[in-house]
Amino acid sequence: MSGFVFSEKPIEIASGDGVYLTDTTGTEYLDFGASYACTPVGHCHPEVVDAATSQIEELLYVQASYPHAARTALYEKLSATGPGDIDNVWLCNSGTEANEAALKFARHATGREKIVATTQGFHGRTMGALATTWKQKYKQGFEPLAGGVEFVEYGDAEAMREAVDDETAAVILEPLQGEGGINPAPTAYLQSVREATEKAGAAMIVDEIQTGLGRTGSLWAAETHDVVPDVLTTAKGLGSGLPIGATLCRDWIAEDAGNHGSTFSGGPVVSAAAGATLDVIEREDLSAHADEVGAYLRGELTDRLGDDIRDVRGDGLMVGIEVKRGSNRLLRDLAMNHQILALPAGRTVLRLLPPLTIEREHADAVVDAIAEVIS
């Protein structure tokens, strides 16, 4: 048996339904990782499945220069959701491509090179997005990367003000860091970044690849902080597991950006799935549900785990538990002995990114299991 790139876990998944996954032995797992937030409305939501299946039966693919109803409808839906006057949409296949486009658009619009990124930030693995990703382990073997990137401490408003100048094309950052350890940004900090970029004529790029689509309690985390960036990127859960990303931007960024492209930009099938996903999130108000259940989950974790851990943090259903020992053993124990799937966020943080459809009883089951494993 040959393999490449990914190291495989000892659980072969066969099917999914709602908040559960089932392996080839028939064992059912409560999915509190959602494959890095890729299934916000649950596995195989019938509306998403129906939308994709119906489209497959009509047309699998046509390139984006030819208008298509599913793609046009998705453009309109995403444009309508964008905070403030962010109403231009470019579709792609992943989060790293969405961020790659954002960086290119910002350089093109400003005529500048310098990009300011933050410590602990993660923006993808292509050469441009990887250059703005903090941890060296992701870069080893791939350097030299795209140049002109300067890193500043995440959350340090003064350092950001000093870094952003008349040579800066853009600042890129997450409103709540995921891979970096579930680190929320204070509202005052994000607003100061907005002020600094406006003063310098630079673009503010908010990476909502993981935080978007209701994950943190509002459709976009930027809205919680009353910040309207110039560019907002999204992916992961947009297609309920089908590969799609999007770069949303203001007019001054989108102008003359048409020389960027992608063969598979907004294919009919993934566009249909993404449109159905957005419909479910909005109709069922899953943002508010994530806010309510997420607050309950974080509260229960704090009460039950107490001094056995260092911290519980996050927003909505993007939750980090900082433990006193390595997280990998805990994750294995949760999976193999409690049939609960979760994720790491660094060596000492347990990351919970369940479907936004979980209820309190699911949260209770996870809290009980984590308390037993940690104790």
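This is a predicted model: local features need pLDDT of at least 70, side-chain atom pairs count only at pLDDT 80 or more; totals for chains, interfaces and linings use all residues.
Mentor: Residues are numbered from 1 along each chain as its sequence is written, and side-chain values use heavy atoms, with hydrogens and water left out.

Trainee: Why is His68 called buried?

Mentor: Buried means under 20% relative accessible area, exposed over 50%, and partly exposed in between (1.4 Å probe, protein chains only). His68 has 14% relative accessibility, so the residue counts as buried.

Trainee: What does His68 contact, leaving aside its neighbours within four places in sequence?

Mentor: With contact meaning heavy atoms within 4.5 Å, the partners of His68 are Gln55, Leu59, Val62 and Pro268.

Trainee: Why is the pair of Tyr61 and Phe264 called tilted?

Mentor: The structure holds 5 aromatic pairs. Rings of Phe, Tyr and Trp (its six-membered ring) pair if their centres lie within 6.5 Å; planes under 30 degrees apart count as stacked, over 60 as edge-to-face and the rest as tilted. For Tyr61 and Phe264 the centres are 5.2 Å apart and the planes stand at 50°, so the pair is tilted.

Trainee: What makes the pair of Trp90 and Phe105 edge-to-face?

Mentor: Their ring centres are 6.4 Å apart and their planes stand at 80°, so the pair is edge-to-face.

Trainee: How do you know whether Trp90 and Phe105 are buried or exposed?

Mentor: The relative accessible area of Trp90 is 14%, so Trp90 is buried; that of Phe105 is 5%, so Phe105 is buried.
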